Amino acid sequence: MASYGDTIPLHASSQSDIDEIENLISSQPSVLPARPPSPVRASIPVSSTPPPPPYSVPSSLPPPAAPKPTPIPSVSGYKSQVPPLGSINNTGIAASGFGSSPNTLTEPVWDTVKRDLSRIVSNLKLVVFPNPFREDPGKALRDWDLWGPFFFIVFLGLTLSWSASVKKSEVFAVAFALLATGAVILTLNVLLLGGHIIFFQSLSLLGYCLFPLDIGSLICVLVDNVIVKLIVVGLTLAWSSWAAYPFMSSAVNPQRKALALYPVFLMYVSVGFLIFAIV
């Protein structure tokens, strides 16, 4: 039996591996030589002088002449006057027909009231005193407004309610609703008949035509005679119908004129009946 001190020979391949490992341990690491520095490159000199102009062939033609400015003919006796910037205001521009309308948001209240009153008076003259021989009566009320009709409707309602013995508020409400709704229905009737009229322009026209009936109601309040009231109501009713005739008849086809005028006359007859019965 072999003891532990005995030496066991190694295999030939194992012995070669051990020898190779010992050679690697005992060998010194080799250091690679450093890379030599790169040679200095030659720099290209840059000149600050501009390059010479390209060679051009001399020409015998003369250089082109410069164009002469065209003289502006002056008008004798005319002097150009440019107004200063601060002298041009919105009112002057609007009055001459150029630019936008003047700004009415910053004007005094009294100027606005005067302008509205002058417009109401102007439209009242056109409606209450119409010219049946006008070439184009349908366009007479171009600058229409609703302040005048609203005032005439309220005035007539207040007159009827003040003269009523009972239920004064109900009388005012019925009168106001009758006049306002009647004007809307008459305007829609004209439009459905193919009339060429603006909706609010028609409302303004029918409201202004109530002015004679307003005068009649005021006279009936002051006079207590039935015969006088009947005559006054009849005259003011004819006046209102005559005032609305040229405008409403020119807005529709002549063949449909009666269909447009009959409802207008019927509404004014109902208003006259209220005046005669209540006042």
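Residues are numbered from 1 along each chain as its sequence is written, and side-chain values use heavy atoms, with hydrogens and water left out. In this predicted model, local features need pLDDT of at least 70 and side-chain atom pairs count only at pLDDT 80 or more, while totals for chains, interfaces and linings use all residues.

**Exercise 1.** Determine how the axes of α8 and α9 are oriented to each other.

Solution. 
- Helices are DSSP runs of H or I with at least four residues, numbered from the N terminus. Helix α8 covers residues 226–251 and helix α9 residues 257–278.
- Axes are lines fitted to C-alpha atoms over the stretch in contact, with angles from 0 to 180 degrees between N-to-C directions. The two axes come within 9 Å and cross at roughly 155°.
- Angles under 35 degrees count as roughly parallel, over 145 as roughly antiparallel, 65 to 115 as roughly perpendicular, and the rest as oblique. The pair α8 and α9 is therefore roughly antiparallel.
- A crossing is right-handed if the near helix is turned clockwise from the far one by less than a right angle, and left-handed if anticlockwise. α8 passes α9 in a right-handed crossing.
- Contact means heavy atoms within 4.5 Å. Residues of α8 that meet α9 include Leu230, Val233 and Leu237; on the α9 side, Leu261, Val264 and Phe265 are among them.
- This contact divides into 14 nonpolar, 4 polar and 2 charged residues. The nonpolar class is Ala, Val, Leu, Ile, Met, Phe, Trp, Tyr, Cys and Pro; Asp, Glu, Lys and Arg are charged, and the others, Gly among them, polar.

**Exercise 2.** Carry out the analysis for α4 and α6.

Solution. 
- The axes of α4 (residues 147–163) and α6 (residues 199–208) come within 8 Å, crossing at roughly 40°. That angle makes α4 oblique to α6.
- The handedness of this crossing is left-handed.
- From α4, Gly148, Pro149 and Phe152 meet Leu203, Ser204, Gly207 and Tyr208 of α6. By class, there are 4 nonpolar, 3 polar and no charged residues.

**Exercise 3.** Find what Val154 touches beyond four places away in sequence.

Solution. 
- Val154 lies in helix α4.
- With residues up to four places away left out, Val154 touches Phe172 and Phe176.
- Leu179 is 25 residues from Val154 along the chain, and their C-alpha atoms are separated by 9.7 Å.

Notes. Helices (H or I, at least four residues) and strands (E, at least two) are DSSP runs, numbered from the N terminus.
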